[in-house]
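Have the viewer open and follow along.

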Amino acid sequence: MVYLTRKLEFSASHRYHNPALSAEENRQVFGKCNNPHGHGHNYTLEVTIAGEPDPVTGMVLDLKELKEILDCEITQRMDHRFLNYEVAELKNQIPTCENVARLIWNLLDTKIPQGQLHRVRLYESADLFADCYRNGAKGMA
Amino acid sequence: MIETLHIELGRRYHFPASHRLHSAKLSEEENNRVFGKCNNPYGHGHNYTVEIRFSGPVDSATGMIANLSELDAFVNERVIEPFGHRSLQDDVPAFRELVPTTENLCTEIFKRLKSFPAAKLEAVRIEETSNNSFEYEGN
């Protein structure tokens, strides 16, 4: 098994706010991330595909194809957007690193034509990230 | 919602500290041979980066595996305060006997953080410099 990782960056804004909680509770749980007009990050996404290199092309997956999938599914959907309002799948979720990483996994998982999605790592900043693996597949790396 | 994914939260912290690699079980010459420059008598320092990863269910009300301010307070109290701007072998009791290599620093930090109540500690990874890193998963 070989693991191939492609990195991309996008910039987006978000706000942490749960309408089921009071204003005070929101402030207490989410702190500055609850500021009403939101704030933004430069996100870095690493997508890892696991597979056997094709005997003819030597590739696990053609990087050009992966780049197009990432552009269509992630960059066009999320780059320079306000995640809470402009990404439909996040409408009823808090757009934390964990939830955005899970959404990215779900958007990509069925679109990978060769190999298998192994890991999605989303950095919200250099010091905060979330990893997603298929249950039980993490130890394979 | 049934979670079909394994999700981890990763957080990186930074602290500077000094250390000297020296074992009381070895002669002066052996210490010198084994540890080289790291055995210099007055020690030297690094800017350590500690990366920790936790797993657990993502709370649907908060979208989080663990509240970051709780996590930061926990790590600050157990690692950053006692280790930051310190001499590891002189100021941290665990390293009075144990050589303060970054391997041993990984296991010591794992020990100090595994009781975090809100999520399961998966790994501690430390960059001693940007060229050397060490990781411990608790086994």
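## A covered strand

Strand β4 of chain A, residues 116-125, is mostly covered, with 8 of its 10 residues buried. Buried here means that 20 or more other C-beta atoms, placed from the backbone, lie within 10 Å of a residue's own; 12 or fewer makes a residue exposed, and anything in between partly exposed. Strands (E, at least two residues) and helices (H or I, at least four) are DSSP runs, numbered from the N terminus.

This is a predicted model, in which local features need pLDDT of at least 70 and side-chain atom pairs count only at pLDDT 80 or more, while totals for chains, interfaces and linings use all residues. Residues are numbered from 1 along each chain as its sequence is written, and chains are lettered from A and ligands numbered from 1 in the order in which they are written.

## Its partners in the sheet

Two strands count as paired if DSSP finds at least two bridges between them. β4(A) pairs with strand β2 of chain A (residues 39-51) in the antiparallel sense, over 7 bridges. Within that pairing, look for E46(A), which stands opposite R121(A) of β4(A).

β4(A) is also joined to β5(A), again antiparallel, by 5 bridges. A hairpin of 2 residues links β4(A) to β5(A), and L122(A) has A130(A) in β5(A) as its bridge partner.

## Across to chain B

Now follow β5(A) to the other chain: 7 bridges join β5(A) to strand β1 of chain B (residues 5-19), and the two run antiparallel. Here R134(A) is opposite L5(B) in β1(B).

The contact as a whole takes 23 residues from chain A and 17 residues from chain B, where residues are in contact if their C-beta atoms, placed from the backbone, lie within 7 Å. On the side of chain A that touches chain B, α4 (97-109) and β5 (128-134) each supply at least two residues. β5(A) gives the most, with 7 residues. That side of chain A divides into 11 nonpolar, 6 polar and 6 charged residues; Ala, Val, Leu, Ile, Met, Phe, Trp, Tyr, Cys and Pro count as nonpolar, Asp, Glu, Lys and Arg as charged, and the others, Gly among them, as polar.

## A bent helix

Helix α2 of chain A (residues 63-78) bends by about 40° at D71(A), the bend being the angle between axes fitted to the seven residues ending there and the seven starting there. H80(A), with a positive phi near 60°, follows α2(A).

The buried residues of α2(A) are L66(A), L70(A), I74(A), R77(A) and M78(A). An α-helix has 3.6 residues a turn, so residues three or four places apart point the same way. The cover over the buried residues of α2(A) includes β1 (2-14), β2, β3 (81-82), α3 (83-86) and α4 of chain A.

How values were computed:
Contact = placed C-beta atoms within 7 Å.
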